[in-house]
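Subject: Structure for your review

Dear colleague,

Please find the structure below, together with its sequence.

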Amino acid sequence: MRPDLLNPLFAEVEALKGVGPGIAKALARLDLGRLIDLAYHLPTGTIDRVRAPFASQSLLGRIVVLDVTPVETQSGAGRAPLRIYARDGNDNRLTLTFFNNPTWARKQLPHGQLRTVVGKLDAWGDEWQMVHPEVLEPAEADKIALREPVYGLTEGVSNKRMRELVLAALERLPELPEWVEPSLLEREYWPAWHAALHETHSEALATLPRKRLAYDEIFANQLALMLLRQVAQRKRGRPLQGDGRLSRQLRLPYRLTGSQQRVIGEIRGDMAQERPMLRLLQGDVGSGKTLVALLAMLEAVEAGAQAAMLAPTEILARQHFTTLQRQCEAIGVRIAILTGREKGRARESILMGLADGSVDILVGTHAIFQQHVAYQRLGLIVIDEQHRFGVSQRLLLSEKAERPPHLLAMTATPIPRTLTLTHYGEMDVSRIDEMPPGRTPIETLVISDAKLADVMNGLGRHLSNGGQAYWVCPLVEESETIDAAAAEERAATLRARFGAERVGLVHGRMKGPEKDGVMTSFGSGELGVLVATTVIEVGVDVPNATLIIVEGAERFGLAQLHQLRGRVGRGAGASRCILLRGQALTETGRARLALMRATNDGFRIAEEDLRLRGPGEILGTRQSGDQGFRVASPEDVAELAPVAQADARLLLDRDGGLSSARGQAARLCLYLFERDSAVGLLRSG
Ligand code: ADP
Ligand code: MG
């Protein structure tokens, strides 16, 4: 049913000349599997390079083109990076650091020969440093473009290559009929879709074409939401009303907070209806959402249905399972876990239990919704930590569910009020707005990384007092390998200082069981410090860990920092969060970190973050990705969603079957962005 016009867009990247399985695999790491993905892989900015005769303070943090002479090589022992020392035109000493490809680096940088290096100039102590510079023969240096669009990259794909791929994909884009309301197009001076993509790739900062592309996404999203709501209203679910026989038996060491009581009341009210529940539960990190989820699931089980809980990561799924298992088994509720790791016999027996109804509650990763997983009587789905509505949408439309289950989505991402409506337009919202009693607020400090030594000493004191701590390393590159190497280096310094047996490391490249092992040792107190690369482990709960150190804090989004900070402050002890910042900080960067110091209120942080990010500042792919859009930033959503909403409503009022010329064009737009659900939406519509 997908219009043929769009077929070329959904061709695999391997359809491009010169793209083999190797590059395709690398691109897949960035979710760039099809030509459309490449076309929408917009530049995140422009590189401005400076040609300079020698390193100097004023060039710090900039991309510099320097002629240097390598003089000495220090090979990295074990996993330590390779360092090549060189002299610039002013006889300054410059360290060139390579986390990978040491052989290549040595060959490119022979001692005593002039070479041109291109890279970001950093200072480490009183030395100049470049990490992973490009290296050229001085004769080639003239060819370096001083201004160039930059793309999110991954190992094995250079910026130059990425640009070629993107341009090749653009060549194949068809012209599409216009779906934007003509008067809007005129008023905003927006180019047509095809032109807008081309223009955005040739001038990264061009605002009009980018706005148009953002609008397209938001419009498709609004249209999908409206169609979805229509479908949902037509489908009838199963009313579930428990009798309290299970929840009454729960032995809780504490009383529910007023907020918890209120939201569980709202949830029970919904579940008792025939209309399927579509509810979003918002509550800051540590506010006690898990218990609310458990009570909702018990309600379903009391009413004779099964419940499933979806967690975003393996670790979280296991942690939920452990917590819930203790409580469930005490009251005779049968619970199981299903992730990619349950295999063979164990898996078979869980699948059978689900099908014959002997499993009441299933916890797991997305594996719990794979095709061959059949439930006897699934009545409630809980989705933990989701901020993309795509999942719930797909579940709701899943053709298996004749009577759609009730759905409860939980998130700690404090989406600003202005955005809640547009992101979760189809959902009712419950909010937990108080913390369980007995918590001491977390103290937040912002410290320059020049004072790393003091921070290390502080960590030492914390550990010798029996405390535990997290040490978070930032995502520096789009490449997990490089990030992992940086984290490994940090872990190595901490191990040298505090003993190898006291320091654990988890990063995105590790396998499930290995990660779980480290987490378990940290949870049991065997490890004093846990070094981690990212926010992968949102939700991890170790009450004795009362210190968190975030390195390169300015590189994180505020919502991420807030989530990270929520790892501590989970027990009764006073907790502390240290944000280590780099030395070259922008005005906005400073303000953002100051805000983190000033408040612990996730909602306030989200609102202010939106305000602080001026419209001129282009978001990195990661941040806009968090919002579930490829192009549209939170500001775009705030500005354009009401327009798109009105436009979509008008269109559907006039042409509910989307059969007019503009309706047909709108279908194309829907396919472009909501492809996975569009087919279902349009079929049932
Ligand atoms: P989150 O909302 O981040 O998922 P959790 O559900 O993990 O929060 O709860 C955080 C901690 O608070 C857990 O250790 C949990 O046992 C505890 N907790 C939950 N509800 C209460 C309550 N009403 N009183 C005291 N502690 C609670
Ligand atoms: Mg949680």
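In this predicted model, a polar atom in the side chain of Thr 290 lies 2.6 Å from an oxygen atom of ligand 1. Lys 289 also places a polar side-chain atom beside the ligand, 2.8 Å from an oxygen atom. For Tyr 254, the separation between a polar side-chain atom and an oxygen atom of ligand 1 is 3.1 Å. On its own, ligand 1 has 560 Å² of accessible area, and the protein covers 82% of that area.

Which residues come nearest to ligand 1? They are Arg 255, Gly 286, Lys 289, Thr 290 and Arg 439, out of 16 residues around the ligand.

A disulfide is a covalent bond between the sulfur atoms of two cysteines. How many disulfides does a search of the whole structure find? The search finds zero. Are Cys 328 and Cys 577 buried or exposed? Residues count as buried when their relative accessible area is under 20%. Cys 328 has a relative accessible area of 1%, and it is therefore buried. Cys 577 is buried as well, because its relative accessible area is 1%.

Yours sincerely,
A colleague

Conventions
Residues numbered from 1 in each chain as written. Chains lettered and ligands numbered in written order. Predicted model: local features only at pLDDT ≥ 70, side-chain atom pairs only at ≥ 80, totals over all residues. Heavy atoms only, no water. Near = heavy atom within 4 Å. Polar contact = N/O pair within 3.5 Å; in protein donor to acceptor, adjacent residues only side chain to side chain. Areas by Shrake-Rupley, 256 points an atom, 1.4 Å probe, with all protein chains shown as cover. Disulfide = S-S within 2.5 Å. Buried < 20%, exposed > 50% of the residue type's maximum accessible area, 1.4 Å probe, protein only.
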